[in-house]
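Have the sequence and the 3D view open side by side as you read.

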Amino acid sequence: MKKTLILMAACLSVFISCKKDVKSKNSEDTIINGVEERTAKQSDKLTLLKGEFVYYNGAAVLQTNSEIYGVLLTDKLEELQKQAEKHKSEPTDMVQVEIRGKITNQKDEKILWENKVEVVEILNVQSGSKEENKVIKFGNQ
């Protein structure tokens, strides 16, 4: 009985001490890795946005799951439009994009959306859903 009790106490103390060592080692790795990743991508104050993009008649809009952004007219926007054109069958079709950009609420004479984004980096452009791009046309258009 005495041997069993001592054996259980020894197993319990080994189990508890090993568990603490693993946690502290993993948390140190997480902190080190987190700082390196944050320095590379997140400390530049850019936001990753994924959504549907359309550029038509001099105006650009990016619609994510939660917000709609007016896109500021820059050289990167022109580059994004050129990549998006490859995936459109109609000028008003929306394409799926993944960008990194600066979000702002600054006033703009042309862009009346409350939230605006300046495209800084283009990560991915692909065709939108065929169901979403269906347009009903009337007359001889």
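Please keep in mind that this is a predicted model. Let's begin with Arg100, which counts as buried because its relative accessibility is 8%, under the 20% cut-off. What does the side chain of Arg100 meet in a salt bridge? The partner is Glu121, at 2.9 Å from N to O. Arg100 sits in strand β4 and Glu121 in strand β5, so this pair ties together parts that are 21 residues apart in sequence. Glu121 itself is partly exposed, with a relative accessible area of 25%.

Lys45 is 55 residues from Arg100 in sequence, yet their C-alpha atoms are 9.7 Å apart in space. You will find Lys45 in the loop between α1 (2-42) and β1, and Lys45 is exposed, at 73% relative accessible area.

From that loop we can move on into the strands. Strand β1 (residues 47-56) pairs with strand β2 (residues 59-63) in the antiparallel sense, over 5 bridges. Phe53 stands opposite Leu62 of β2. The two strands form a hairpin with 2 residues between them, and Asn57 in the turn has a positive phi of about 55 degrees. A further hairpin, through 4 residues, joins β2 to β3. Here β2 and β3 (residues 68-71) run antiparallel, joined by 3 bridges, and Val61 has Gly70 as its bridge partner in β3.

Now for the interior. In soluble globular proteins, nonpolar side chains tend to be buried together. The largest nonpolar core in this model has 17 residues, and Phe53, Leu62, Val71, Leu80, Val97, Ile99 and Val125 have the most contacts inside it. At least two residues of this core come from each of β1, β2, β3, α2 (75-85), β4 (95-104) and β5 (116-127), with β5 giving the most, 4 residues.

How many salt bridges does a search of the whole structure find? There are 3. Besides the Arg100 pair, Glu79 bridges to Lys76, with the closest N and O atoms 3.5 Å apart. Both lie in helix α2, 3 residues apart, about one turn of the helix. Finally, Glu85 pairs with Lys88 at 3.9 Å between the closest N and O atoms; Glu85 is partly exposed at 40%, whereas Lys88 is buried at 13%.

Notes:
Residues numbered from 1 in each chain as written. Predicted model: local features only at pLDDT ≥ 70, side-chain atom pairs only at ≥ 80, totals over all residues. Heavy atoms only, no water. Pairing = 2+ DSSP bridges. Core = buried A, V, L, I, M, F, W, Y, C linked by side-chain atoms within 4.5 Å. Buried < 20%, exposed > 50% of the residue type's maximum accessible area, 1.4 Å probe, protein only. Salt bridge = Lys/Arg side-chain N within 4 Å of Asp/Glu carboxyl O.
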